[in-house]
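Open the structure in your viewer and keep the selection tool at hand. The stops below say what to select and what is there.

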Amino acid sequence: ALLRRTGRPAAGPAAPIRRLPLEAPGAMGNVLLGPEPEAAQGANGVLRKGMRVQTQYTIDEGGDGRWYQGKIKRLYEGNKVKINYDDGDTWKGSAAYVWSMSGSPPPAQQAAMMGAGPPVMQATVVQGVAVGASVQLPNIPPSEVAVGNEPCCPVCTENKMDMAFQCGHRVCGSCLRGIHAASAPCPVCRTPITQVIRIFN
């Protein structure tokens with residue numbers, strides 16, 4: 001007869017093993033990851049699940065030095081968090097590097113808000129387009145609808161892309177008008193727009 005761990009004979013076939021999903025909720029939290037703490041200590045205050053936060057992808061770690069925003073998906077023991085970023089990326093690491101959007105901003109951002117940031121470039125002309133503090137738009141023709149497998153504008157997902165920003169991302173002229181009127185950054189990478197170039201399809 002088969003023996004179980006207790007040493008008693010098995011009464012029959014073993015019961016099927018019940019498998020729980022990795023993120024199974026419960027009073028004890030995830031069995032593999034441990035109980036989820038209620039809070040973690042971030043760079044500028046207490047962090048909780050669901051909070052809007054930002055982290056910097058530093059040059060030292062091979063990044064671009066920019067700040068990326070997202071939402072805390074989960075808290076872990078040892079003052080760690082998991083973030084789902086607005087651009088679809090995820091990261092898990094120490095909460096000490098995470099800044100709450102509702103708290104005081106990082107020192108570099110504070111300095112930029114106070115006017116102590118890097119000097120603003122004077123407007124120059126590139127291909128008939130003023131760049132710098134006040135971006136002047138080039139002549140914007142009527143937008144053309146993208147057909148078949150033609151790449152389309154990431155904002156409206158309908159028109160051909162005929163305008164490009166200095167970051168390399170492209171949009172259609174119709175969407176550019178709205179972005180410019182709102183003084184919004186690039187809708188793809190969130191870089192402030194300092195240059196707009198007309199592209200000919």
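Select Cys153: beyond its neighbours within four places in sequence, Cys153 is in contact (heavy atoms within 4.5 Å) with Glu158, Asn159, Met161, Val171, Cys172 and Cys175. This is a predicted model, in which local features need pLDDT of at least 70 and side-chain atom pairs count only at pLDDT 80 or more, while totals for chains, interfaces and linings use all residues. Residues are numbered from 1 along each chain as its sequence is written, and side-chain values use heavy atoms, with hydrogens and water left out.

Next, select Cys153 together with Met163, Phe165, Val171, Leu176 and Val196; in the largest nonpolar core, of 15 residues, these touch the most other members. A nonpolar core is a set of buried Ala, Val, Leu, Ile, Met, Phe, Trp, Tyr and Cys residues joined through side-chain atoms within 4.5 Å; buried means under 20% relative accessible area (1.4 Å probe, protein chains only). Strand 10 (163–165) and helix 2 (173–181) each give two or more residues to this core. Helix 2 gives the most, with 3 residues. Helices (H or I, at least four residues) and strands (E, at least two) are DSSP runs, numbered from the N terminus.

Now select the 5 strands that form an open sheet in the order 6-5-4-3-7, with antiparallel pairing (at least two DSSP bridges between two strands). The edge strands, strand 6 (90–94) and strand 7 (99–100), each pair on one side only.

Select Val81, whose bridge partner in strand 6 is Gly93.

Technical notes
Buried means under 20% relative accessible area, exposed over 50%, partly exposed in between (1.4 Å probe, protein chains only).
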